[in-house]
Amino acid sequence: MRAGFDCEVTAGFLESGRTLSNVANAAAIVAAVGAGGILLAVSLAAWLVESWFAVRVAIDRSLFRTLAAHPADGADWLDALLVDWKLVKAAKSRSMSDRSRGALRLWRMQAAALTVQLAALAAAIVLRVVNG
């Protein structure tokens, strides 16, 4: 049953990716309203990257919820399905721990993209205020 527990915990953690995505969307709106300048462009570009990772994290969250319901052989079924759908070339034998680490790596990339986005937006706002 530990595999099911690990999957539930991973899915729960990945759920926070939705909050990161909402923050990124709000920041993108602020950047779009203040359009102009390279820092605002960087902020919007980082938003696109963050949005890509947000989609990947949401998919992983859903898959981990499914894997939690089928801890014994769900991973094998998932790998076979991904091969059948031609989303991967061949199934890789990965432990649930490896799968969790991979999903959390995507979440960290999403958070990093959001950090770049917010830093660029904050710098653009400060420069706009300072330059009047």
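Tutor: Gln117 has Ala24, Ala27, Ala28, Ser43, Ala46 and Trp47 in contact with it, when neighbours within four places in sequence are left aside; contact means heavy atoms within 4.5 Å. This is a predicted model, in which local features need pLDDT of at least 70 and side-chain atom pairs count only at pLDDT 80 or more, while totals for chains, interfaces and linings use all residues. Residues are numbered from 1 along each chain as its sequence is written, and side-chain values use heavy atoms, with hydrogens and water left out.

Gln117 lies in helix H5. Helices are DSSP runs of H or I with at least four residues, strands are runs of E with at least two, and both are numbered from the N terminus. Gln117 counts as buried because its relative accessibility is 0%. Buried means under 20% relative accessible area, exposed over 50%, and partly exposed in between, with a 1.4 Å probe and protein chains only.

One of the contacts of Gln117 is Ala27, and Ala27 also belongs to a nonpolar core of five residues that includes Ala31, Leu40 and Leu121. Such a core is a set of buried Ala, Val, Leu, Ile, Met, Phe, Trp, Tyr and Cys residues joined through side-chain atoms within 4.5 Å.

The largest nonpolar core has 19 residues, and Cys7, Leu14, Phe64, Leu67 and Met96 touch the most other members. At least two of its residues come from each of H1 (2–14), H2 (16–33), H3 (38–69), H4 (74–84) and H5 (96–131). H5, with six residues, gives the most to it. Met96 is in contact with Ala3, Cys7, Phe64, Leu67 and Ala75, leaving aside neighbours within four places in sequence.

On a 1 Å grid over the protein atoms alone, a pocket is an open set of points where a 1.4 Å probe fits, with protein on both sides within 12 Å along at least five of seven lines; lining residues have an atom within 4 Å of a point. The lining has 22 residues, and Arg56, Asp60, Leu82, Val88 and Arg94 lie nearest the centre of the pocket. By class, 13 of the lining residues are nonpolar, one is polar and eight are charged. Here Ala, Val, Leu, Ile, Met, Phe, Trp, Tyr, Cys and Pro count as nonpolar, Asp, Glu, Lys and Arg as charged, and the others, Gly among them, as polar.

Lys86 lies in the loop between H4 and H5. Lys86 has a positive phi of about 60 degrees although it is not a glycine, and it counts as exposed because its relative accessibility is 72%.

Now the chain as a whole. The protein chain has five helices and zero strands. Its radius of gyration, taken over C-alpha atoms, is 18 Å, well over the 14 Å of the globule rule for 132 residues, so the chain is more spread out than a compact globule. That rule is 2.2 Å times the number of residues to the power 0.38. Along its principal axes the C-alpha trace spans about 60 × 30 × 20 Å. Buried residues, Gln117 among them, make up 33% of the 132 residues.
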